[in-house]
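This report is meant to be read with the structure in view.

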Amino acid sequence: MKVTMERYHGLGNDYLVYDPNKNELQLNKENAAMLCNRNMGLGSDGILEGPFIGESHMSLRIWNPDGSIAEKSGNGVRIFAKYLKDAGYVQKKNYKLVTDGGLVEITYLNEDGSRLRVSMGKLSFWSDEIPVTGERREVINEDMVFGRTLYPVTCVSVGNPHCVIPMREISKPLVCKIGNYSEVARYFPERINTEIMKVVDDSHIEIETFERGAGYTMATGTGACAAAGVAYKLGLTGNKIIVHMPGGDLQVEIDEDWNVYMTGEVFYVAKITLSSEFSEKLRTL
Ligand SMILES: N[C@H](CCC[C@H](N)C(=O)O)C(=O)O
């Protein structure tokens with residue numbers, strides 16, 4: 001059984017694209033995790049499975065490296081849109097894609113589709129839509145304990161769940177220290193993505209992220225939308241924000257109805273053919 005995949009990254013957040021229209025292998029929790037394993041597999045921050053071609057729209061399934069399914073991925077949908085163009089699935093400049101976290105709208109900004117703007121849907125701070133435990137409220141600047149330390153946390157859904165903590169200084173060790181506790185904290189029934197955020201000025205923030213089901217990554221599209229939304233909600237910035245991450249920058253804009261738009265690049269790295277031994281191993285998992 002021959003298995004082929006494509007590797008892309010968005011600002012260093014790397015994904016494998018697995019097209020079920022070109023492969024027989026059925027992905028599952030176990031073989032998806034094996035593929036993402038950086039020692040025994042190909043290594044990746046996740047897998048984008050699709051396109052699943054529906055009546056009106058195409059859809060994709062987003063796998064985290066721990067084998068869990070994510071409702072949405074910002075870098076993931078930009079990468080997937082680039083794949084759709086590279087593979088000849090789309091000719092239009094603008095179209096909608098279905099994710100488990102709702103519809104997103106893609107607009108290519110250049111000829112090869114490597115720069116894109118995505119309408120990522122509506123931000124929600126409501127506890128029951130994130131979800132966060134407790135009575136229904138907007139989760140704004142709430143004291144939460146992660147690893148015996150109290151943090152001022154604002155939570156938001158971008159279609160997937162995020163908790164954002166404003167800080168004077170941020171770093172990879174700090175977000176990993178917090179994230180190891182916050183990801184699985186009792187407040188979050190479906191776990192959580194964590195961003196720590198430094199506000200630079202009215203239109204610039206810097207973040208570090210510890211993703212649900214993935215851990216530390218160099219960039220996060222939904223995390224950038226979440227952090228920018230929180231900065232704007234807390235009155236710390238305007239509604240047009242450059243989000244700086246270790247892997248690079250994304251432009252985020254929030255409109256008056258809390259719809260959020262993200263603009264950024266993606267890069268095609270390689271086409272990959274698995275060995276027959278590895279393909280067979282994945283089939284048995
Ligand atoms: N791990 C995330 C999905 C990917 C988020 C990030 N890679 C992005 O670009 O948005 C979750 O479980 O919700």
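## Terms and numbering

A residue is called buried if 20 or more other C-beta atoms lie within 10 Å of its own, exposed if 12 or fewer do, and partly exposed in between, the C-beta atoms being placed from the backbone. Helices (H or I, at least four residues) and strands (E, at least two) are DSSP runs, numbered from the N terminus.

The model is predicted, and local features need pLDDT of at least 70, side-chain atom pairs count only at pLDDT 80 or more, and totals for chains, interfaces and linings use all residues. Residues are numbered from 1 along each chain as its sequence is written.

## Helix 4

Helix 4 (221-233) is mostly covered, with twelve of its 13 residues buried. The buried residues are Gly221, Thr222, Gly223, Ala224, Cys225, Ala226, Ala227, Ala228, Gly229, Val230, Ala231 and Tyr232.

The expected span of a helix is 1.5 Å times one less than its number of residues. For the 13 residues of helix 4 this gives 18 Å, and the end C-alpha atoms are 18 Å apart, which agrees. Just after helix 4, glycine 235 takes a positive phi of about 75 degrees.

## Two domains

The domain assignment, which is automatic or taken from a database, gives domain 1 (4-114 + 267-284) and domain 2 (122-258). The C-alpha centres of the two domains lie 24 Å apart.

Counting two residues as in contact if their C-beta atoms, placed from the backbone, lie within 7 Å, 20 residues of domain 1 are in contact with 18 residues of domain 2. Helix 2 supplies three residues, the largest share of the side of domain 1 that touches domain 2. By class, that side of domain 1 has three nonpolar, twelve polar and five charged residues, where Ala, Val, Leu, Ile, Met, Phe, Trp, Tyr, Cys and Pro count as nonpolar, Asp, Glu, Lys and Arg as charged, and the others, Gly among them, as polar.

## Around the ligand

A residue is near a molecule if its C-beta atom, placed from the backbone, lies within 6 Å of it. Of the 19 residues around the ligand, Ala70, Asn75, Asn160, Gly221 and Thr222 come nearest. The shell divides into two nonpolar, 14 polar and three charged residues.

Both domains take part, since the shell draws at least three residues from each of domain 1 and domain 2. Helix 2 (74-86) and helix 4 each supply at least two residues of the shell.

## Strand 17 and its partners

Strand 17 (residues 259-265) has a covered face made of Val260, Met262 and Gly264, and an uncovered one made of Asn259, Tyr261, Thr263 and Glu265. Two strands pair if DSSP finds at least two bridges between them. Strand 8 (residues 115-122) runs antiparallel to strand 17 and is joined to it by six bridges, with serine 119 opposite tyrosine 261.

Strand 16 (residues 248-254) is also antiparallel to strand 17, with four bridges between them, and valine 252 has methionine 262 as its bridge partner. Strand 16 and strand 17 form a hairpin with four residues between them.

## Backbone details

Most residues other than glycine have a negative phi, and most peptide bonds are trans. Tryptophan 258, in the turn of the hairpin, has a positive phi of about 65 degrees, and this residue is partly exposed, with 16 other C-beta atoms within 10 Å. Asparagine 141 has a positive phi of about 50 degrees and counts as exposed, with 12 C-beta neighbours inside 10 Å.

A cis peptide bond joins glycine 50 and proline 51, with omega about 10 degrees, and proline 51 lies in strand 3 (residues 47-53). The peptide bond from isoleucine 130 to proline 131 is cis as well, with omega near -5 degrees, and proline 131 is found in the loop between strand 8 and strand 9 (142-146).
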